[in-house]
Amino acid sequence: HRIVVLISGSGTNLQALIDAQGTPSLPDAKIVLVLSNRKAAYGLTRAQNVDPPIPTQVLALQPYLKANPGKTRNDYDSEVSKIVLAASPDIIVLAGWMHVLSDTFLGEVERENIPVINIHPALPGAFDGVNAIQRAFDAFGRGEIENSGVMVHKVIREVDRGEPVLVRTVEIKKEDTLEDFEQRLHQTEWGVIVEATKIVLESRGKKPSA
Ligand code: GRF
């Protein structure tokens with residue numbers, strides 16, 4: 001199974017996938033490309049440090065628009081899908097990819113019938129969007145929630161309608177600092193992203209291809 005991972009940052013979730021590939025946690029799976037929309041993303045270094053190195057590419061939005069006058073955000077997304085599809089993935093994993101992918105991207109990968117999953121550091125329906133961890137922590141402080149969690153969901157064209165693949169609750173303790181909670185949450189993410197990738201790859205293997 002060929003995995004393409006899209007990142008923007010430190011890439012700890014990518015690292016979890018790197019460590020799991022080819023082990024019983026993620027058998028017969030190989031990360032064939034890491035694409036970042038930020039040149040400075042440390043996840044790129046993680047990919048390059050693997051032996052043999054995992055191929056990496058960078059496509060950043062603003063430089064792309066500057067270098068290609070007249071091109072739009074849709075053209076950028078289309079370029080992203082071209083790069084990703086050229087790697088012939090069986091699954092596309094958004095692991096901290098900080099752009100919402102447009103219809104253009106999803107339309108093109110849907111046509112090829114390739115599943116796209118995303119990890120989000122909150123429970124389904126709660127704290128969509130950015131700063132979810134901080135917002136959950138603050139809501140706990142105000143007594144509005146008892147715990148939070150992590151989910152991996154399918155990414156489909158209808159924004160925020162993708163069904164969850166795997167959801168895990170993460171406890172918030174009274175004595176937690178934000179950092180304590182963040183640490184526990186990220187550790188949960190690393191397990192969840194690997195398991196969810198395995199679930200989707202296995203279910204894909206069973207379905208007759210459309
Ligand atoms: C994770 O918390 C993920 O849930 C969110 O962005 C963060 C990425 O972290 N979407 P990393 O780059 O995998 O370390």
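1. A136 and its surroundings. Beyond its neighbours within four places in sequence, A136 is in contact with F127, I145, S148, I172 and F181. Contact means heavy atoms within 4.5 Å. A136 sits in helix α6, residues 132-141. A136 counts as buried because its relative accessibility is 0%.

2. Basis of the values. This is a predicted model, in which local features need pLDDT of at least 70 and side-chain atom pairs count only at pLDDT 80 or more, while totals for chains, interfaces and linings use all residues. Residues are numbered from 1 along each chain as its sequence is written, and side-chain values use heavy atoms, with hydrogens and water left out.

3. Fold layout. The protein has seven helices and seven strands. The order from the N terminus is β-α-β-α-β-α-α-β-α-β-α-β-β-α. Helices (H or I, at least four residues) and strands (E, at least two) are DSSP runs, numbered from the N terminus.

4. Overall dimensions. What radius of gyration does the protein have? The value is 17 Å, which agrees with the figure near 17 Å for a compact globule of 210 residues. The radius is taken over C-alpha atoms, and the globule rule is 2.2 Å times the number of residues to the power 0.38. Along the principal axes, the C-alpha atoms fill a box of roughly 50 × 45 × 35 Å.

5. Of the 210 residues, 47% are buried. The accessible surface is about 10,900 Å², and carbon and sulfur atoms hold 49% of that surface. Areas come from the Shrake-Rupley method with a 1.4 Å probe; for residues, only the protein chains shown count as cover. Among contacts with a separation of 6 or more, 66% join residues 24 or more positions apart.

6. The largest nonpolar core has 45 residues, and I3, V5, I31 and V34 have the most contacts inside it. Helix α7 gives this core its largest share, nine residues. Apart from this core lies another, of 23 residues, including V32, L61, W97 and V155. A nonpolar core is a set of buried Ala, Val, Leu, Ile, Met, Phe, Trp, Tyr and Cys residues joined through side-chain atoms within 4.5 Å. Neighbours within four places aside, the contacts of I3 include L26, I31, L33, I91, V93, T197 and L201.

7. Helix α7 at R184. R184 lies in α7, residues 178-206. Its relative accessibility is 23%, so R184 counts as partly exposed. The C-alpha atoms of R184 and E171 are 8.1 Å apart, for 13 residues along the chain.

8. Helix α5. Which residues of α5 (103-111) are buried? F105, L106, G107, E108 and V109 are. The cover over the buried residues of α5 includes α4 (73-86), β4 (91-94) and β5 (116-120). N113 follows α5 and has a positive phi, near 65°.

9. Backbone geometry to check. Most residues other than glycine have a negative phi, and most peptide bonds are trans. D28 is not a glycine, yet its phi is positive, about 50°. D28 is in the loop between α1 (12-20) and β2 (30-36). D28 counts as exposed because its relative accessibility is 65%. S88, also not a glycine, has a positive phi of about 45°. The S88 site is the loop between α4 and β4. With 44% relative accessibility, S88 counts as partly exposed. D51 and P52 are joined by a cis peptide bond, with omega about -5°. P52 belongs to the loop between α2 (42-48) and β3 (56-58).

10. The loop at G70. G70 is found between α3 (61-67) and α4. Is G70 buried or exposed? G70 is exposed, with a relative accessible area of 76%. G70 and K30 are 40 residues apart in sequence, and their C-alpha atoms are 37 Å apart in space.

Technical notes:
Buried < 20%, exposed > 50% of the residue type's maximum accessible area, 1.4 Å probe, protein only.
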